[in-house]
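Subject: Structure for your review

Dear colleague,

Please find the structure below, followed by a short account of what was found in it. I would be grateful if you would read the two side by side.

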Amino acid sequence: MALSSTARLPAAGPAKRPGRPRRRLAPYGFLAPFFVLFAAFGLFPLLYTAWVSLHRVELQTSDRADWLGLQNYSRLLSDPFFWNALRNTFTIGVLSTVPQLLMALGLAHLLNHRLRGRAFYRVAMLMPYATSVAAATLVFAQLFGRDYGLINWVLSSTGLHPVDWQAGTWASQFGVSAVVTWRWTGYNALIYLAGMQSVPAELYESAAVDGASRWQQFRHVTVPGLRPTIVFTVVVSTIGATQLFGEPLLYEGNSGGGISHQYQTLGLYLYEQGWTFFHLGRAAAVAWVMFLLIVVLALLNAAIAARRNRTDR
């Protein structure tokens, strides 16, 4: 039977757009360069370092690798110079991180108020951070010089005995810590300043109405509002202190960290094992120990911060 011209054909389904699969794959295409670069310059070196740490690899014959298992790690843990470097890393980290963050918090609190030339002071805060590590360390090495240093000249002019800032244990560690503190205080101050500006102004107004002084407002309003920022700076500063290398290397100009290794950090110890003694396998083991140490410290700081948040609630 023939269909009439007025009969309607069944409606066809929605036409598929040919470009839809491309749209779905487009985000992965945009992210692909990052993952390629991360795999080439991040993941592969990490895994290759782990492989090297399980072998005997010498710099002169780097194409030859003899399986050792965990002997590099066991030999590392029995080396007194490793424990000396670990102890120096901890003490220099404390000597540089604690004063650095305290001064940064105070400077940020001052810059948070209305001052003339605030833009100039904020830019000046970043000048030490923008300075080269080599230039800053060499200048401080001259300032802390034993015979002609400015610091000893000031001490002598005030009737105090000069200090050998490069031979004494605590004196040399204080000198290295001074370089780190000078370079990073302004950087952390600007981070704290950004955090302070995110604290609602109504909290300060309420505290002022209740009769709170500036110090009380700082303690009970500013510091609690900055707690996530403080945790962030503590974690970043801890990681930086664990990886400290340039400042102690250039302070006196050798990888031993002084005559008696009195300020040799883990970074210098790694460099000495790999590029002075040519033991690339041991240097890779040191690198992995440093990596695991940083992970443990970061998790510890996160656990302490989470516990503080639970107690405050």
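Is Arg64 buried or exposed? Arg64 has a relative accessible area of 54%, and it is therefore exposed. Please bear in mind that this is a predicted model.

Confidence

The mean pLDDT of the protein is 87, and 92% of its residues reach 70 or more. Over residues 1-7, however, pLDDT stays under 50, and the model has zero contacts beyond four places in sequence for them. Where pLDDT is low, the predicted coordinates should not be read in detail.

Salt bridges

Side chains of opposite charge can pair when their charged atoms come close. The whole structure holds four salt bridges. In one of them, the side chain of Arg64 meets that of Asp66 at 3.5 Å, N to O. Asp66 has a relative accessible area of 24%, so it counts as partly exposed.

Another salt bridge joins Asp147 to Arg146, with their closest N and O atoms 3.4 Å apart. Asp147 is exposed at 55% relative accessibility, and Arg146 is exposed with a relative accessible area of 52%. Salt bridges link Arg146, Asp147 and Asp164 in a network.

Arg183 and Glu247 also form a salt bridge through their side chains (3.6 Å, N to O). This pair connects distant parts of the chain, 64 residues apart: Arg183 lies in helix α7 and Glu247 in helix α11 (residues 246-252). Both Arg183 and Glu247 are buried.

In soluble globular proteins, nonpolar side chains tend to be buried together. Here the largest nonpolar core has 14 residues, and Phe144, Trp165, Val176 and Tyr251 have the most contacts inside it. Helices α5 (133-143) and α7 (169-197) each supply at least two residues of this core, and α7 gives the most, with five residues. Leaving aside neighbours within four places in sequence, Trp165 is in contact with several residues, including Phe144, Ile151, Leu155 and Tyr251. A second, separate core of twelve residues includes Ala108, Leu193, Met196 and Phe218.

The elements giving two or more residues to the patch are α1 (20-53) and α13 (280-312). The most comes from α1, with seven residues. Leu46 has its place in helix α1, and its relative accessibility is 33%, so Leu46 counts as partly exposed.

Yours sincerely

Terms used. Residues numbered from 1 in each chain as written. Predicted model: local features only at pLDDT ≥ 70, side-chain atom pairs only at ≥ 80, totals over all residues. Heavy atoms only, no water. Helix = DSSP H or I, 4+ residues; strand = E, 2+ residues; numbered from the N terminus. Buried < 20%, exposed > 50% of the residue type's maximum accessible area, 1.4 Å probe, protein only. Core = buried A, V, L, I, M, F, W, Y, C linked by side-chain atoms within 4.5 Å. Contact = heavy atoms within 4.5 Å. pLDDT = per-residue confidence, 0-100.
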